Amino acid sequence: MRTQESTIDHVIVDAVENRVHRLCRQYADRLQFHGWHHVSFVRAKAVGFARHNGADEAVVETAALVHDVNYLVLRNSPAAAGSSLRLEILAECGVPPRIARWIDEIVDEAEMATRGRDISLEAQALSDADTLFKALPVTPVVLAHRYLRENGLSLRELAHKIVGEQCDVHDEGYYFYNPEAAATYSRWATANLQLWQCIKEAVDDPTVVELLDAVAS
């Protein structure tokens, strides 16, 4: 599959994949949203975006595999909370220390809540893949309830988190860095954010709150 010399040998990438896959299976009950289904989707899309923008594909692929291990360390946590575990996994699998630190930096750089307009090509590829997962039309329908359970959030808290972290980035024009991704998926992203904005407004309506309480009881 790789057509150019990789920064990380494919045997090492495979070892990281196997290690993360085992963790996702072992802790499947704690990773209802950020489990292997999420990791494998982000990994596949990130490699494609890296191939398109000229980023280091092996580094991006490895970063995608370990980008959400923070959720094994602490619920509802930033990427930085997983730094020690991430570096431990990479070291165990034979990733050179310098590359491992680079991967850890890429994961932090790509995080939605803190990323800027001008980030590295590797972080752009990872960010676009992770952002696409958020913007998929099926995510709020099929997966949002899993996020709530995994992270111990209320619907109100999740709506405020999504609107607070994503709307400014969307409005400022770098929700996606890849032009083709922006052209293809921005309509989904806009609809998704409009939905969450409406949810944010709805949960401030006392009658809606009564409805939600009745459903939850």
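Is the crossing of α7 and α10 left-handed or right-handed? The crossing is left-handed. Keep in mind as you read that this is a predicted model. Here are some points to follow in the viewer.

1. **Helices α7 and α10.** Start with helix α7, residues 121-135, and helix α10, residues 179-202. Their axes come within 9 Å and cross at roughly 55°. That angle makes α7 oblique to α10. To find the place where they touch, look for L132, K134 and A135 on the α7 side. Their partners in α10 are Y185, W188, A189 and N192. Sorted by class, this contact of α7 with α10 has five nonpolar residues, one polar and one charged.

2. **Helices α1 and α2.** Now turn to helix α1, residues 10-26, which packs with α2 at an angle of about 150°. The axes of this pair are 9 Å apart. The two helices are roughly antiparallel, because an angle over 145 degrees counts as such. From α1, the residues making the contact are E17, V20, H21 and C24. From α2 come W36, V39 and R43. By class, the contact of α1 with α2 divides into four nonpolar, one polar and two charged residues.

3. **Cysteines.** How many disulfides does a search of the whole structure find? The search finds zero. A disulfide is a covalent bond between the sulfur atoms of two cysteines. For C24, the closest cysteine sulfur belongs to C93 and is 13 Å away, so the two are too far apart for a bond. C167 is in no disulfide either, with the nearest cysteine sulfur, that of C198, 11 Å away. C24 counts as buried because its relative accessibility is 8%. C167 is also buried, with a relative accessible area of 16%.

4. **D56, between α2 and α3.** Where does D56 lie? D56 sits in the loop between α2 (36-53) and α3 (57-66). Is D56 buried or exposed? D56 is buried, since its relative accessible area is 17% and the cut-off for buried is under 20%. Which residues does D56 contact, once neighbours within four places in sequence are left aside? They are T7, W102 and E122.

5. **A81, between α4 and α5.** A81 lies in the loop between α4 (70-73) and α5 (83-92). With 29% relative accessibility, A81 counts as partly exposed. Not counting residues up to four places away in sequence, A81 touches N70 and V73.

6. N76 is found in the loop between α4 and α5. The backbone of N76 deserves a look, as phi is near 50°, a positive value in a residue other than glycine. Most residues other than glycine have a negative phi. N76 is partly exposed, and its relative accessible area is 34%.

Key:
Residues numbered from 1 in each chain as written. Predicted model: local features only at pLDDT ≥ 70, side-chain atom pairs only at ≥ 80, totals over all residues. Heavy atoms only, no water. Axes fitted to C-alpha atoms, helices over the stretch in contact; angles between N-to-C directions. Helix = DSSP H or I, 4+ residues; strand = E, 2+ residues; numbered from the N terminus. Parallel < 35°, antiparallel > 145°, perpendicular 65-115°, else oblique. Left-handed = near helix turned anticlockwise from the far one by under 90°. Contact = heavy atoms within 4.5 Å. Nonpolar A, V, L, I, M, F, W, Y, C, P; charged D, E, K, R; others polar. Buried < 20%, exposed > 50% of the residue type's maximum accessible area, 1.4 Å probe, protein only. Disulfide = S-S within 2.5 Å.
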